[in-house]
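User: Please take a close look at one part of this model, the strands and the turns that join them. Then show how the surroundings of that part are built.

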Amino acid sequence: MKKHEQDLLDVMQGRRPFKNLNPKLGEGKYYYLDPNQEYDSMAPARPDQKTYVPSEDSPNPYLQPRPQAAQQFQQPFQPQQSLHPQQPPFQGYASASGTIPNAAAGGIQPVKYTEQNMKKPSPAMASLKPFLKKKEDISEHPYLDIEGNITSGYGHMDKDINSFARHPWHNQTTQKPATMEEIQEYYNTLKAAPYGQNYGAKSFKHQTPLRLSRNYADRLLDHDIAIREEELHHTHPNFKYMSPEMQVAIAEPNYHVGTLGWPKLKEAIKNKDKEAICQNIHRKETDDKGNFNKGFQERNQWAYDMCQKGYFIK
């Protein structure tokens with residue numbers, strides 16, 4: 001995980017506080033969000049969801065000593081016999097940039113993604129989906145991307161075995177739901193495979209019999225877009241003041257390569273500088289050897305055009 005993504009995850013899980021940019025009388029210079037509450041991604045946190053602390057090093061008073069059950073989650077993954085065992089409530093949402101927790105849920109074991117615990121994006125962000133499906137393509141089997149991330153569906157990345165095991169994998173060899181032993185085995189096989197070159201998803205097709213349904217991959221894409229939408233709202237307070245065109249213009253490269261650590265883009269959003277935003281959402285179109293990437297150019301052009309159509313609501 002990249003440093004800026006880990007920093008965001010630490011903030012959202014209560015390990016690091018937000019900086020209070022405009023402290024009022026009686027407020028501290030930093031504040032934590034209550035990890036036991038749900039948040040509306042389209043609105044700022046309410047006062048009752050915050051607790052102020054005097055410094056960045058102050059501990060989070062919301063966090064209590066972790067129960068013994070939670071400690072077991074840190075132990076090595078233990079395979080189970082069935083893909084659908086009895087499971088506790090859903091604990092968090094895995095995404096390309098980490099896990100957004102639901103501390104109130106109480107479950108700590110890997111829980112299968114279902115229609116009930118998968119998020120959906122706002123109507124504005126849902127308009128990004130057709131373009132992503134066109135550019136990301138679909139992979140029903142897992143593969144290792146150029147940076148060594150296990151990926152499947154429409155560019156969904158799983159950060160570890162627990163996230164990977166949440167999917168309803170099907171074994172096309174046995175024509176049965178994959179067992180936890182099979183999921184563990186092929187996860188290890190993929191993680192041990194060489195990466196660093198753009199082999200493409202198809203080159204891994206015959207290394208594993210695990211498959212996802214297309215319907216599930218489609219729902220997982222909705223879920224991932226919703227997660228990125230939440231991240232952008234948390235990172236950029238002005239994101240909620242953007243028109244849908246500008247929001248999806250920023251979300252598209254964020255989904256593709258991550259933009260949360262781009263300081264010039266962050267500054268442009270803070271200043272509501274539309275032209276600077278449109279210029280700074282571009283990905284690098286050549287690699288270190290000067291090789292040109294047409295796919296990046298096309299995606300950059302689409303994002304730039306959408307950004308130019310956009311505006312700030314307030």
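Analyst: In this predicted model, strand 7 and strand 8 form a hairpin with 2 residues between the strands. In that hairpin G155 takes a positive phi near 75 degrees. Strand 8 covers residues 156-158 and pairs with strand 7 in the antiparallel sense, over 3 bridges. One of the facing positions is T151, which stands opposite M157 in strand 8.

Strand 7, residues 150-153, is also joined by 3 bridges to strand 6, and these two run antiparallel. Here L144 stands opposite I150 in strand 7. Strand 6 and strand 7 form a hairpin too, with 5 residues between them. The turn holds G148, whose positive phi is about 85 degrees. As background, strands of a sheet pair through backbone hydrogen bonds, either parallel or antiparallel.

D137 is found in the loop between helix 4 (129-136) and strand 6 (139-144). Phi of D137 is near 60 degrees, a positive value in a residue other than glycine. D137 has a relative accessible area of 49%, so this residue is partly exposed; exposed would require over 50%. With a relative accessible area of 56%, Q175 is exposed.

Q175 sits in the loop between strand 9 (170-171) and strand 10 (176-177). These two strands run antiparallel and are joined by 2 bridges, with N171 opposite K176 in strand 10. They belong to an open sheet of 3 strands in the order 10-9-11, with antiparallel pairing. Its edge strands are strand 10 and strand 11 (210-211), each of which pairs on one side only.

The next topic is the nonpolar cores. The largest one has 28 residues, and M242, I250, I277 and I281 have the most contacts inside it. Several helices each supply at least two residues of this core, including helix 7 (214-235), helix 9 (263-270) and helix 11 (294-309). Helix 8 gives the most, with 6 residues. Apart from this core lies another, of 21 residues, and among them are I150, Y186, L210 and L212. In soluble globular proteins, nonpolar side chains tend to be buried together.

The whole structure has 3 aromatic pairs. The rings of F131 and W302 have their centres 4.0 Å apart and their planes at 10 degrees, so this pair is stacked. F131 lies in helix 4 and W302 in helix 11, 171 residues apart, and the pair links these distant parts of the chain. F131 counts as buried because its relative accessibility is 10%, whereas W302, at 21%, counts as partly exposed. The cut-off for buried is under 20%.

The rings of F164 and Y187 have their centres 5.4 Å apart and their planes at 50 degrees, so this pair is tilted. F164 is in helix 5 (residues 161-164) and Y187 in helix 6 (residues 180-192), so the pair ties together parts that are 23 residues apart in sequence. Both F164 and Y187 are buried. Ring pairs link F164, W169 and Y187 into a cluster.

Definitions and conventions. Residues numbered from 1 in each chain as written. Predicted model: local features only at pLDDT ≥ 70, side-chain atom pairs only at ≥ 80, totals over all residues. Heavy atoms only, no water. Core = buried A, V, L, I, M, F, W, Y, C linked by side-chain atoms within 4.5 Å. Buried < 20%, exposed > 50% of the residue type's maximum accessible area, 1.4 Å probe, protein only. Helix = DSSP H or I, 4+ residues; strand = E, 2+ residues; numbered from the N terminus. Pairing = 2+ DSSP bridges. Phe/Tyr/Trp six-rings, centres within 6.5 Å; stacked < 30°, edge-to-face > 60°.
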